[in-house]
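Please look over the sequence and the 3D structure shown here. The text below walks through them in short steps.

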Amino acid sequence: MQIQTHVQLPSKYVQYSLEEYAKYLVDFLEQYSWLYRPHIVDFFLDSTWEASVPEEWREPLQELDLNELLVLPTLDKPLEKYLPASLLEFIRDANQIVLPRQLDNTISNKQLSKYITCTQKPVPVDDTLIGKELVKGMNSKKKHEVDILANLISHVCEEQNTTRVVDIGAGQGYLAHILACNYNLNVYVIDSNTSQIQNSQARTQRLSKFSTESMLLFSTLTIEINLSSINAHLKCDLTLEELEDILGEEKSEQGVTLVGNHTCGDLAPTMIRLFHHFLESSNNQNVTMINVGCCYHLLTEEKKSTAGFPLSSILCNTSIFLNKRGRML
Ligand SMILES: C[S@@+](CC[C@H](N)C(=O)[O-])C[C@H]1O[C@@H](n2cnc3c(N)ncnc32)[C@H](O)[C@@H]1O
């Protein structure tokens, strides 16, 4: 199967190939590596300001007040006349090389607002026994993100005609249980942390006792929750066969939605590699990935197939090296 790449490049680079664009990015990062390489904790000890920042930038930058500094990246016109050409060039280049943040026009605003919206679905059921159990342990931030993500995932599953969801690094399965209980999806929870998996299993057991509050009042009916919690460490070069073993499934022809919420460090690249294995092997099965990454400073950085960064063969063939400070940015 041919994998289609669909990356919307910044307008200045639309005529370039992805490879060429990646090389411009690497050159840009190399040119300004002195900005992100110094250790912020040693800023005073290493005299970073004097040692790294060009002299002609220092005085004009020190003259700016807080509000002016805040609008500096937007290159507000009135500021231009105070800044040296080299600093203006840096800000312009940085603005021009960044990937567009808005989604491309293959997704309409209407679709988008349907997908990425707060349904408050767990909230109305907060007062029921099952609702209380579903949101147990979640603070309001967690409830909010899980609500939006679950709604997005359910729409994608519906459109892709699949009910199988694999939650990678699922923790104790907050999102997974909402997907299983509120959206009737068949969810696999995978996490390397044993106590998180035990918590997830306990949550499933408690939830299974409830169907609806009214049913509970009259009987001890249980509901079937299609959710399995699996304690496994996913390595960076995980193969599809190994994943099938972990899921305890035969080679499956079903579609799958891979999801990850706060996939720290190397977990996000692991998921992206897995997604590609699925795409390469799929017999027209629908495969989707929805990932919210985090903790990029925890990525391992080495030019080999088991490292978190870089992922692409294009970058592996360049001299790129971000180091922890660069990845934090
Ligand atoms: C930041 S937590 C996110 C938990 C959950 N998704 C949430 O949003 O509440 C990341 C989880 O990924 C798990 N994890 C990290 N690396 C992993 C790996 N290689 N294989 C399996 N689980 C992993 C950790 O144990 C942790 O529970």
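We visit a core, a ligand shell and one glycine.

The model is predicted: local features need pLDDT of at least 70, side-chain atom pairs count only at pLDDT 80 or more, and totals for chains, interfaces and linings use all residues. Residues are numbered from 1 along each chain as its sequence is written.

Start with the largest nonpolar core, which has 38 residues. A nonpolar core is a set of buried Ala, Val, Leu, Ile, Met, Phe, Trp, Tyr and Cys residues joined through C-beta atoms within 7 Å. Buried means 20 or more other C-beta atoms within 10 Å; exposed means 12 or fewer, and partly exposed lies in between, with C-beta atoms placed from the backbone. Leu175, Leu179 and Val187 touch the most other members. Elements giving two or more residues include α10 (140-160), α11 (174-183) and β2 (186-191). Helices (H or I, at least four residues) and strands (E, at least two) are DSSP runs, numbered from the N terminus. α11 gives the most, with seven residues.

Next comes the ligand. Its shell holds 15 residues, and the closest are Gly169, Gly171, Ser192, Asn193 and Leu234. To be near, a residue needs its C-beta atom, placed from the backbone, within 6 Å. β2 and β4 each supply at least two shell residues. β4 gives the most, with three.

Finally, find Gly326 in helix α17 (residues 323-328). Gly326 is partly exposed, because 18 other C-beta atoms lie within 10 Å. Gly326 and His39 are 287 residues apart in sequence, yet 9.8 Å apart in space, C-alpha to C-alpha.
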